[in-house]
Amino acid sequence: MPSSKTATLGFGETTVTIGRIGHGLMNMSTRDPSDVLPDETAFAAIKMGIDALPEGAQMHLNTGEFYGNGFSIANLELVARFFAKYPEYAPRSFLSVKGGMLPNSVKADGSCPENLRRSVTTIAATLAPGGKKMDLFQMARVPTNVPFDEAFGTVVALKAEATSRTSAYPPGLGRRIEVSAWSYEEETKKVIAAAQELGIVIAAYSPLGRGLLSGTIKSVDDIPGTRRLPRKLTRFQEEAFAHNAEIAEAFGAVAVRKGVTASQLALAWVLNLGPHMVPIPGTSCVGVAPPREHAAADVELTGEDLAEISKVLEKGVKGSRIMDGVPAEKLRLWA
């Protein structure tokens with residue numbers, strides 16, 4: 001069922017059709033204790049996103065073993081509660097889970113097979129009460145303590161073990177990286193090009209520039225909670241923010257002239273990078289993304305539109321997309 005609104009994960013007979021716009025779940029759980037999101041609010045947002053999909057497509061839901069305050073399993077537990085309450089949405093969802101870190105941390109450990117096996121087992125056990133199994137396991141970072149081939153070999157072995165127990169096993173290949181109109185570095189372009197050549201889907205996280213491109217954040221004070229990641233990024237510090245906010249305002253003006261929302265324009269820009277691009281905006285309340293943001297799949301960007309956006313972005317974003325003083329090489333985001 002290939003179309004502008006769907007993408008295909010996997011190869012040959014083991015393929016899954018997913019919607020071109022997915023749903024990142026992290027912000028439903030990584031919140032200030034004073035701002036706990038009620039389950040039903042989170043559940044309503046997830047359901048609306050799935051219900052907005054074309055018939056026959058699955059919603060790409062992304063969670064992580066450490067998506068909770070203190071890098072806990074809180075988000076996995078929320079996902080399990082959702083599917084326990086709404087089991088009819090399980091076959092309409094494609095669930096990818098990031099793991100491979102040390103427990104309650106974001107330090108990569110690809111030891112073979114100890115930590116990866118522990119991670120996969122923890123994820124499976126946490127999801128079990130909901131009845132929905134993980135469809136895709138993703139190593140959150142490339143480990144530095146063992147060769148990548150060795151770590152990947154462990155994942156392959158774990159998949160083989162799962163396959164021997166059930167005929168339902170993950171069919172797809174996917175890569176999760178940050179992509180947006182102002183997070184589009186040379187390495188990002190290379191990964192996107194290589195993925196398209198290999199038939200790999202890119203799950204593009206933070207496609208709305210962590211809220212700034214969508215127009216929902218107009219000042220530093222608009223960033224909810226002191227624990228949210230944007231407050232730690234240099235591009236959201238006072239000096240850089242004023243410059244970046246001007247770019248976001250000009251981006252929003254393009255959206256107004258186009259007759260779409262700023263969020264729709266930002267998502268359409270990512271979708272325009274290739275048929276294998278699946279942006280996964282983070283959503284934590286009803287009406288922010290689904291179904292309004294899913295309409296971005298219907299937005300066609302002309303050469304004139306793209307030229308206008310490029311002109312807006314010529315000023316260049318100030319600040320890093322990662323935490324100050326932590327180079328991408330150290331995080332091994334691209335290795």
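These legends go with a set of close-up views of one predicted model. Residues are numbered from 1 along each chain as its sequence is written, and side-chain values use heavy atoms, with hydrogens and water left out. As the model is predicted, local features need pLDDT of at least 70 and side-chain atom pairs count only at pLDDT 80 or more, while totals for chains, interfaces and linings use all residues.

**View 1. The whole chain, before zooming in.**
The chain has nine helices and nine strands; these are DSSP runs numbered from the N terminus, with helices being H or I of at least four residues and strands E of at least two. Of the 335 residues, 51% are buried, where buried means under 20% relative accessible area, exposed means over 50%, and partly exposed is in between (1.4 Å probe, protein chains only). Take the contacts between residues at least 6 apart in sequence: 75% of them join residues at least 24 apart. Contact here means heavy atoms within 4.5 Å.

**View 2. The four-strand sheet, E3-E4-E5-E6.**
This open sheet has four strands in that order, with parallel pairing; two strands pair if DSSP finds at least two bridges between them. Strand E3 (23-24) and strand E6 (136-139) are at the edges with a single partner strand each, so one side of each has no neighbour in the sheet. Further in, strand E4 (residues 59-64) and strand E5 (residues 93-99) pair in the parallel sense over six bridges. To get your bearings, look for His 60, which stands opposite Phe 94 in E5. Helix H1 (residues 39-51) lies across E3, E4 and E5 and runs at about 145 degrees to E4. Helix H2 (residues 74-85) lies across E4 and E5, at about 140 degrees to E4. Axes are lines fitted to C-alpha atoms, for helices over the stretch in contact, and angles run from 0 to 180 degrees between N-to-C directions.

**View 3. Where H2 meets H3.**
The axes of H2 and helix H3 (residues 114-127) come within 8 Å and cross at roughly 35 degrees. From H2, the residues Leu 76, Glu 77, Val 79 and Ala 80 meet Ile 123, Thr 126 and Leu 127 of H3. Sorted by class, that contact has five nonpolar, one polar and one charged residues. The classes go like this: Ala, Val, Leu, Ile, Met, Phe, Trp, Tyr, Cys and Pro are nonpolar, Asp, Glu, Lys and Arg are charged, and the others, Gly among them, are polar.

**View 4. The three-strand sheet, E7-E8-E9.**
Here three strands form an open sheet in that order, again with parallel pairing. Strand E7 (174-178) and strand E9 (277-280) are the edge strands with a single partner strand each, so one side of each is left without a neighbour in the sheet. Neighbouring strands are turned by 30 degrees against each other on average, direction ignored. E7 and strand E8 (residues 201-205) pair over five bridges, and Gly 174 has Val 201 as its bridge partner in E8. Helix H5 (residues 186-198) packs on the sheet, touching E7, E8 and E9, and its direction makes about 160 degrees with that of E7. Helix H7 (residues 262-271) lies across E8 and E9, at about 150 degrees to E9.

**View 5. H7 and H8.**
In H7, 10 of its 10 residues are buried, with Trp 269 among them. Its buried residues pack against E8, H6, E9 and H8. In helix H8 (residues 303-313), Asp 305, Ile 309, Val 312 and Leu 313 are buried. They span an arc of only 95 degrees around the axis, which puts them on the same side of H8; the arc is that of the directions from the helix axis to the C-beta atoms. The face turned away from that buried side carries the exposed residues Gly 303, Glu 304 and Lys 311. Helix H6 (238-258) and H7 are included in what covers the buried residues of H8.

**View 6. The largest nonpolar core.**
A nonpolar core is a set of buried Ala, Val, Leu, Ile, Met, Phe, Trp, Tyr and Cys residues joined through side-chain atoms within 4.5 Å. Of the 42 residues in the largest one, Val 179, Leu 212, Phe 251, Leu 265, Met 277 and Ile 309 touch the most other members. H7 supplies the largest share, eight residues.
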